Amino acid sequence: MDPFSDTLRRLREAFGSGLTKPAEFREAQLKGLGSFLQDHKQLLQEALARDLHKSAFESDLSEIIICQNEISLALKNLHTWMKDEPVPTNLLTQLDSAFIRKEPFGLVLIISPWNYPVNLTLVPLVGALAAGNCVVLKPSEISQGTERVLAEVLPQYLDQRCFAVVLGGPEETQQLLEHKFDYIFFTGSTRVGKIIMSAAAKHLTPITLELGGKNPCYVDDNCDPQTVANRVVWFRYLNAGQTCVVPDYILCSPEMQEKLLPALQSAITRFYGDDPRSSTDLGRIINEKHFQRLRGLLGCGRVAIGGQSDETSRYIAPSVLVDVQETEAVMQEEVFGPILPIMSVRSLDEAIDFISRREKPLSLYAFSKSSQVIKQVLARTSSGTFGGNDGFMNMTLTSLPFGGVGKSGMGRYHGKFSFDTFSNHRACLLAPSGLEKLNNIRYPPYSNKKKQLVLWALGFQGCTLL
């Protein structure tokens, strides 16, 4: 028996009734989501601590506050976002009304990952609700504590006629994907992203794929090593490195590497103490499978910093690898853990060539005191996001879109970009029912005079009939 058919039928009926379209209903759902975060902040913090050993501060910074900001922005701007958007007309349509209407897709599916199980679940949910959709939420089964809160508590704050949480692993997800949805939003690995895209293609369902990849970080000789180390260490080891946008490897000259290593060690010690294992601010690896994979990567190159691990607590020390070869596993797969390889390059051109030969990353970083170096890296590469002399802070801006390019993903969200992602932008032209004589110019039979008039009216240079 199909465990999802009744739920999906209920949600489709709710959407068909027009329940979710009024602004007042959307606002009520967003306020309910905000109340959930406010009422159960401690419960979410406790779940994140169990799943990933996240501190309360890190949970607030990287998960809860970001969601609250998204909700506040959507509530403040919802009526403006929903308004029809007028567009220019030409002489032939001068008396018509032309506009773009943002309408909900219908029944959308959001599949979220385990590494930021609140943020990466609720931020897209804000966009889907604001746009007026019915939503099926599939949280990750790997972050079990957070999954339980989302499944048992969140539905109490939303209208269950148009919202549902479904549970399960890969088998259940595959069964869920056999159903037709009107939009699918997936965050996760490239491997699973291909499965999602293949399932969506059977129904020609539009999708957003937020994936990952290997994010380069170029460190120029003209920079302060300690400043770079502070910013890279904070970002790289946040959430024990289990973040899709962190620097996955550093490219720098051998001379800069000599300066950078003691600076990295200094930053690690200041942030996490002489024994990072006892730090309450350092996360843990999500499960045994990922722990063993990461411990294997420590065998690549040479461990210059860290390298310690404890299987019982799934602890891996903040680690830096040097003398790494491009062919080694740590440079062939996304690390997704607290291990930072350093590759040597002799010049900016060599670094850019190295980056350009690989798949386009989700994020790319460059550190230099020279604005020209930063501008060169930005101009000569491609990535989903770019950070000059910093990282992560762009994720706190609802004014910037977030998404990948190429194998690192497709589609954008955050802020209004989320609303637009979950909206069908419907092109509308409303013409008067009368004044038919004005249309004779476009009807056959065609003469040279008609042709000249039509081309002139269309503006010829910028308009086509197709």
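The model is predicted, with local features needing pLDDT of at least 70 and side-chain atom pairs counting only at pLDDT 80 or more, while totals for chains, interfaces and linings use all residues. Residues are numbered from 1 along each chain as its sequence is written, and side-chain values use heavy atoms, with hydrogens and water left out.

Inside the protein there are three cavities of 30 Å³ or more, a cavity being a set of points, on a 1 Å grid over the protein atoms alone, where a 1.4 Å probe fits but cannot get out, and its lining residues having an atom within 4 Å of a point. The largest cavity has a volume of about 110 Å³, a volume being the space filled by probe spheres set on the points. Its lining includes S62, Y116, N119, T243, C244, F392 and H414, and by class that lining has seven nonpolar, four polar and no charged residues.

The second largest cavity, of about 40 Å³, is lined by R231, V232, F235, P247, Y365, F367, D390 and G391. Two elements, α9 (225-236) and β15 (363-367), each give two or more residues to this lining, and α9 gives the most, with three; helices here are DSSP runs (H or I) of at least four residues, and strands (E) of at least two.

L91 lies in the loop between β1 (85-86) and β2 (97-104).

Notes: On a 1 Å grid over the protein atoms alone, a cavity is a set of points where a 1.4 Å probe fits but cannot get out, and a pocket is an open set with protein on both sides within 12 Å along at least five of seven lines; lining residues have an atom within 4 Å of a point. Ala, Val, Leu, Ile, Met, Phe, Trp, Tyr, Cys and Pro count as nonpolar, Asp, Glu, Lys and Arg as charged, and the others, Gly among them, as polar.
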